[in-house]
Amino acid sequence: MVHVSDLSWPEYAERVARDPVVLVPCGALEQHGPHLPLGTDAILASAVSTGIAEAVGGLVLPALAYGYKSMPKSGGGAHFPGTTNLDGGTVASLVRDLIREQVRHGVRRLCFVVGHYENQWFVTEGIDLAMREVGHTGVRIMRLEYWDFIEPATIERVFPDGYPGAALEHAAVIETSLMLHYQPHHVRLDRLPDHRSADFPPYDMFPPHRHWVPSSGALTSAKAATAEKGRIMAEQFRDSIVAAVRREF
Ligand SMILES: [Zn+2]
């Protein structure tokens, strides 16, 4: 059992006494095209975290189910029904409070697994603010975006026609393939978006231009997604992240 929410308090206390790495999946409630659920980022960050925890004897906290604001050039933007955005300060406060509470219970090793592109700097801010409060306890905190661990050999197998990059991969081949691997019942295969990649200029506009974003909500085609590609990525991400976690802790 690796999920903290499934443990009783004596079980949690007994596990924490063994100094586990506690993983914190950071997701969002955000549109992921017509074919994936709004909770995709939390689902995938939790699945990745679970694989890591099982390998290193760690624990997984419930995922942060909401995240920083979806941006047009990385998540499609706020105008899609269901996309539910937190202010940056709220995300940072959630992260800071969560660290303070885990440290209060005796946790000294935490790893934030970010599954929502826009969360990156606000999770970092929450960690940094928390370290001012609890840094003297010896707590050590790792943070990562799981897709950054993709290796050239995996890119060659998953993207034989070229890798569009993590930002444009919103609701596309990586996330759709991983969902087909972890939770196939959540993928509407008859609604896979298949259109050209969005072509964004190198600046942002406020209010944002909706016409910059493909109407599907995906930023590039998901047509090439398969469960097999999902398995390849899931296994490589797990192995690479486990190696990094072991190296740091
Ligand atoms: Zn996503």
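These legends describe close-up views of a predicted model.

View 1. Three residues coordinate the zinc ion: His32 through NE2, Asp41 through OD and Glu175 through OE. The distances run from 1.8 to 2.0 Å. Along the sequence, the donor residues follow the spacing H-x8-D-x133-E. His32 is buried, and Asp41 is buried too. Glu175 is also buried.

**View 2. How helix α2 crosses helix α7.** Helix α2 covers residues 40-56, and helix α7 covers residues 173-182. They pack at an angle of about 60°, and their axes lie 11 Å apart. This angle is why α2 counts as oblique to α7. The crossing of α2 past α7 is left-handed.

**View 3. The contact between α2 and α7.** From α2 come Thr40, Asp41, Ile43, Leu44, Ala47 and Val48. They meet Glu175, Leu178, Met179 and Tyr182 of α7. By class, this contact has 7 nonpolar, 1 polar and 2 charged residues. Two of the zinc donors, Asp41 and Glu175, take part in this contact. In an α-helix, residues three or four places apart point the same way, because each turn takes 3.6 residues.

**View 4. Helix α7 within the structure.** Of the 10 residues of α7, 8 are buried, so the rest of the structure largely encloses this helix. The buried residues are Val173, Ile174, Glu175, Thr176, Ser177, Leu178, Met179 and Leu180. Their cover includes α2, α6 (152-158) and α8 (227-248). Among these buried residues, Glu175, Leu178 and Met179 also meet α2.

How values were computed:
Residues are numbered from 1 along each chain as its sequence is written. This is a predicted model: local features need pLDDT of at least 70, side-chain atom pairs count only at pLDDT 80 or more; totals for chains, interfaces and linings use all residues. Side-chain values use heavy atoms; hydrogens and water are left out. Donors are N, O and S atoms within 2.8 Å of the metal (3.2 Å for Na, K and Ca); water is not among the atoms, so sites may look incomplete. Buried means under 20% relative accessible area, exposed over 50%, partly exposed in between (1.4 Å probe, protein chains only). Axes are lines fitted to C-alpha atoms, for helices over the stretch in contact, and angles run from 0 to 180 degrees between N-to-C directions. Helices (H or I, at least four residues) and strands (E, at least two) are DSSP runs, numbered from the N terminus. Angles under 35 degrees count as roughly parallel, over 145 as roughly antiparallel, 65 to 115 as roughly perpendicular and the rest as oblique. A crossing is left-handed if the near helix is turned anticlockwise from the far one by less than a right angle, and right-handed if clockwise. Contact means heavy atoms within 4.5 Å. Ala, Val, Leu, Ile, Met, Phe, Trp, Tyr, Cys and Pro count as nonpolar, Asp, Glu, Lys and Arg as charged, and the others, Gly among them, as polar.
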